[in-house]
Amino acid sequence: MRHSLSPILHDWFIKKFRLNAAYAAFEVDPGNLEQAVNGLRALSLGGFNVTIPHKESILQFVDETSDSVALLGAANTLKNKDGLVKAFGTDPFGFVESLGEDTGRFKGARVVVFGAGGSAKSIVYALGQLQVHYVCIVNRSRARAEALAGAALEKYGLQDVSVFDAEEDVLNDLISAADILINTTSVGMHPRINESILPDSSAISKKHFAYDLVYNPGMTKFLADARMRGAEVQSGLDMLIFQGLESVRIWHDEHFEIDKDELKEIRKILKTELGINE
Ligand SMILES: NC(=O)c1ccc[n+]([C@@H]2O[C@H](COP(=O)([O-])OP(=O)(O)OC[C@H]3O[C@@H](n4cnc5c(N)ncnc54)[C@H](OP(=O)(O)O)[C@@H]3O)[C@@H](O)[C@H]2O)c1
């Protein structure tokens, strides 16, 4: 199994909430997805998480989908109840919950989203829930950005969405006019830590809030540059924690919470595992 933080995160939840559960990671070939879902039913297991590259293809084998999965066309959590398997997506919840009490700044905000992949969909969907005023999607491949912009307008409740190419020379004007910048691309992720999705950060100022879904390193170049220019910044580590917590709530039908000290504790455990010592 490729390296995953999920077993460590979920073992911590299991201990913290004293759950009658065990969490293990398995690598499943694309051709065996149906058997994997049937295995849930046959063994009466509570559910599992799904990650890349199965998030979309798993949906053909489930009985039901949550509303957000129906809109996003991808899931990361399956729950089995008496043989009925339902698919959920917890990334949008994880993002919103990671903001803590900071969600107020999103209402009516102008947001630039870098990237148009799977996680960008979850973020743009969440931005619809947070009632932002305007979203601009900046992506390397324009077609993907346009598809996401179309979904945002048609399905995610956003009313003002545009698409920019990363190279456009008006990018700095766009950044200056924005309040919030979110990197959903893998640019800057370990080991390519000297790269940023925004090589020229001169348009960032202290009015901005910069969020990076990448959590390794904890302080990406994108965030470090933004912080140097006075912006408030946040890494994707809390999103990872809260999307996992939301899965636990779904599996156990209980609204578990973690307090600030517990959040610090699990952050520290995950950072240690990642070898991050910031
Ligand atoms: N914190 C969390 O809980 C959390 C949750 C989900 C994902 N993530 C992180 O988010 C990142 C993206 O995940 P994903 O699932 O969205 O991946 P994905 O579906 O493969 O999308 C990748 C995105 O990154 C862009 N990209 C990749 N390499 C690039 C480069 N060299 N230059 C410019 N753009 C580039 C792609 O652009 P094109 O469309 O042009 O290819 C696309 O928009 C990963 O680092 C992942 O670990 C974090």
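How many residues of domain 1 are in contact with residues of domain 2?

Reply: Happy to! A word on the ground rules: this is a predicted model, in which local features need pLDDT of at least 70 and side-chain atom pairs count only at pLDDT 80 or more, while totals for chains, interfaces and linings use all residues. Residues are numbered from 1 along each chain as its sequence is written.

The two parts are domain 1 (6-89 + 238-274) and domain 2 (100-235), with bounds from an automatic or database domain assignment. Their C-alpha centres are 26 Å apart. To your question: 10 residues of domain 1 are in contact with 10 residues of domain 2, where contact requires C-beta atoms, placed from the backbone, to lie within 7 Å. On the domain 1 side, two or more residues come from each of α3 (67-72), α9 (237-252) and α10 (260-274); helices here are DSSP runs (H or I, at least four residues; strands are E, at least two), numbered from the N terminus. The top contributor is α3, with three residues. By type, that side has six nonpolar, two polar and two charged residues, with Ala, Val, Leu, Ile, Met, Phe, Trp, Tyr, Cys and Pro as nonpolar, Asp, Glu, Lys and Arg as charged, and the others, Gly among them, as polar.

Now for the ligand. Of the 25 residues around the ligand, the nearest are Gly 117, Ser 119, Arg 140, Thr 185 and Gly 236; a residue counts as near if its C-beta atom, placed from the backbone, lies within 6 Å. Two or more shell residues come from each of α4 (91-98), α5 (118-129) and α9. The shell divides into 10 nonpolar, 12 polar and three charged residues.

Terms used
Contact = placed C-beta atoms within 7 Å.
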